[in-house]
Amino acid sequence: MSTITTRTIQTGCVSFARESETAGYLSLQAIDQAYRRCRQRKRKTYQACLYEQQLLDHLVQTRDALAHQSWFPRPPVVFTVTKPKNREVYAAHYQDRVVHHWLVRELEALIDRDFIHDAAANRTQRGTHFAVARLQRFMRCYHTKAWFLQLDISNFFNSIHHPTLLALLAHKLAKAQRRHGLSSAKAGVLFEVAQRIIEQPCALQAIHISAKEAYQRVPMHKRLECAPPHTGLPIGNLTSQFFANLYLNELDQFIKHQLRCRHYVRYVDDFIILHAHARQLQHWQDAIASFLHDTLHLRLKTPVTLAPIQNGANFLGYIVRPSYLLVRHRVVANLYNTLHIQTKQCMLPVAQGYRLELTPKWRDALRSTLASYGGHFRHAQSYRLHAQILHDFPWLALLFCDVLCQRPRWQPECVTSMSTQWRWYQTHYPGSILLVECGRELLCSALPGHIKAKVYQGSAHLAAWSVPMQRLADVQSELEAQQRYYIFCSEQGYLKGGLKRRCVRTLYLPQSQYFDILKSLPTF
């Protein structure tokens with residue numbers, strides 16, 4: 001630790017005179033790789049587009065600012081979220097996020113190997129599912145009655161002590177100098193950048209974009225501005241996630257090597273310990289509380305959970321038991337709330353029936369929601385849960401072919417012609433009247449008697465009536481007045497072969513036939 005302490009902590013400067021010393025880790029290639037990681041899944045955002053317009057200039061500016069110690073983080077943007085709880089989230093400036101990605105990648109290469117195997121948060125080949133699987137594996141190690149102790153740290157991110165964190169980082173970098181040949185210049189750059197990020201007064205510089213009422217709903221002890229001096233990291237930064245692992249690594253080492261606990265898994269500040277005797281877990285709890293208070297300036301959240309493993313541990317969205325997993329009730333409740341909102345948005349009561357308006361934006365949002373929750377459900381025993389969701393929201397059967405809500409019914413999976421599209425909708429919506437847009441024509445499988453139409457001549461394999469597309473509203477109104485079940489498929493872009501993509505845009509279900517229609521839908 002002496003090299004970094006004397007050259008960085010005390011003097012605060014490291015020699016950057018020779019460009020050859022910084023060429024390896026402050027090259028344009030290293031900054032460009034950090035930018036490419038930063039833009040993943042965010043390339044269409046406003047700040048990302050502005051950054052990319054002058055990409056080379058921004059990369060050069062970032063490299064030079066780091067090389068000459070002139071880089072300082074810009075004021076972040078802060079907003080509030082309501083789920084799962086009211087919290088404030090800090091979003092760094094896009095150029096700063098590029099620096100964050102560069103710094104975290106460099107520090108991970110040096111420090112991640114010192115973390116224990118069962119620290120699962122924000123690490124490569126780790127995550128929530130790794131932690132849950134690891135916990136279940138530990139539970140299966142006990143053939144007799146055993147207990148688990150679930151602990152959580154109170155107000156963790158707002159309680160991280162800056163001097164302690166910087167001392168831990170300096171120690172790790174000094175260790176990397178001795179064991180892995182890290183140069184003093186590079187160690188100084190990494191420490192200087194990390195120090196400026198950690199000590200940035202985010203709460204004073206932040207630009208608030210949420211409504212004042214929403215910000216006031218955040219509890220006082222959860223606001224970064226209420227943290228004691230030299231304490232707290234902003235929630236939302238990539239660096240905060242890495243520094244949290246570095247900070248709690250001391251706890252991991254204490255539990256594994258001093259308490260000698262074999263079955264221990266941690267995800268951020270939520271961790272579980274297993275043992276055959278409850279009294280031993282209570283003894284460990286007291287030791288952990290003392291260590292957190294004396295060494296890391298943290299305290300445990302009360303009450304704690306001490307229960308037999310057969311009861312199941314409520315951990316990371318699952319109820320974990322030795323032989324199976326169940327989805328947590330709060331996760332299911334969140335999905336139900338979302339589906340209730342989306343039901344009100346798409347299902348309109350009209351003319352003694354229900355009309356579903358499937359706009360592309362709403363449809364994509366629904367599919368994203370179900371895919372997200374479905375990915376979470378897939379790791380647990382959830383077939384009955386999916387069936388219950390379909391029972392409580394029966395209109396989902398109109399949009400998906402299977403119980404797991406993965407195969408959409410509103411568009412064909414594979415088609416080669418207008419005729420195959422027509423047959424797809426006839427098969428998947430039996431008993432309905434098809435209304436299909438075809439250029440300036442509206443093709444109808446059946447029509448009210450007084451509407452004049454001509455036989456469609458475009459395909460010998462497709463028996464349909466044709467009316468001008470301008471008559472769509474009249475046809476729909478007449479069918480709804482007669483309470484006849486219909487679907488309308490509109491043109492929405494092109495398929496790869498050049499064929500028009502036609503997707504279900506409107507469904508009308510008469511109230512008297514609602515449940516009969518749902519029962520008649522085929523599953524595949």
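1. The largest pocket holds about 1,700 Å³ of space. Bear in mind that this is a predicted model. The lining of this pocket counts 42 residues. Nearest its centre lie Pro84, Lys85, Asp152, Asp269 and Arg330.

2. Several elements give two or more residues each to the lining of the largest pocket. The strands are E2 (87-91), E3 (147-152) and E8 (313-315). The helices are H12 (238-258), H14 (329-346) and H15 (360-377). By class, the lining has 16 nonpolar, 15 polar and eleven charged residues.

3. Next, the second largest pocket. About 760 Å³ of space lies there. Its lining is made of 27 residues. Arg37, Arg41, His101, Leu238 and Gln241 are the ones nearest its centre. The lining splits into ten nonpolar, nine polar and eight charged residues.

4. Which element supplies the largest share of the lining of the second largest pocket? Helix H6 does, with six residues. Helix H3 (28-38), E2, H6 (94-111) and H12 each supply at least two.

5. The axes of H8 (residues 162-180) and H12 come within 10 Å. They cross at roughly 85°. An angle of 65 to 115 degrees counts as roughly perpendicular, so H8 and H12 are roughly perpendicular to each other.

6. The contact itself can be read residue by residue. From H8 come Thr164, Leu165, Leu168, Leu169 and Lys172. They meet Phe243, Leu246, Tyr247, Asn249 and Glu250 in H12. By class, this contact has six nonpolar, two polar and two charged residues.

Technical notes. Residues are numbered from 1 along each chain as its sequence is written. This is a predicted model: local features need pLDDT of at least 70, side-chain atom pairs count only at pLDDT 80 or more; totals for chains, interfaces and linings use all residues. Side-chain values use heavy atoms; hydrogens and water are left out. On a 1 Å grid over the protein atoms alone, a cavity is a set of points where a 1.4 Å probe fits but cannot get out, and a pocket is an open set with protein on both sides within 12 Å along at least five of seven lines; lining residues have an atom within 4 Å of a point. Grid points are joined across faces, edges and corners, and a volume is the space filled by probe spheres set on the points. Helices (H or I, at least four residues) and strands (E, at least two) are DSSP runs, numbered from the N terminus. Ala, Val, Leu, Ile, Met, Phe, Trp, Tyr, Cys and Pro count as nonpolar, Asp, Glu, Lys and Arg as charged, and the others, Gly among them, as polar. Axes are lines fitted to C-alpha atoms, for helices over the stretch in contact, and angles run from 0 to 180 degrees between N-to-C directions. Angles under 35 degrees count as roughly parallel, over 145 as roughly antiparallel, 65 to 115 as roughly perpendicular and the rest as oblique. Contact means heavy atoms within 4.5 Å.
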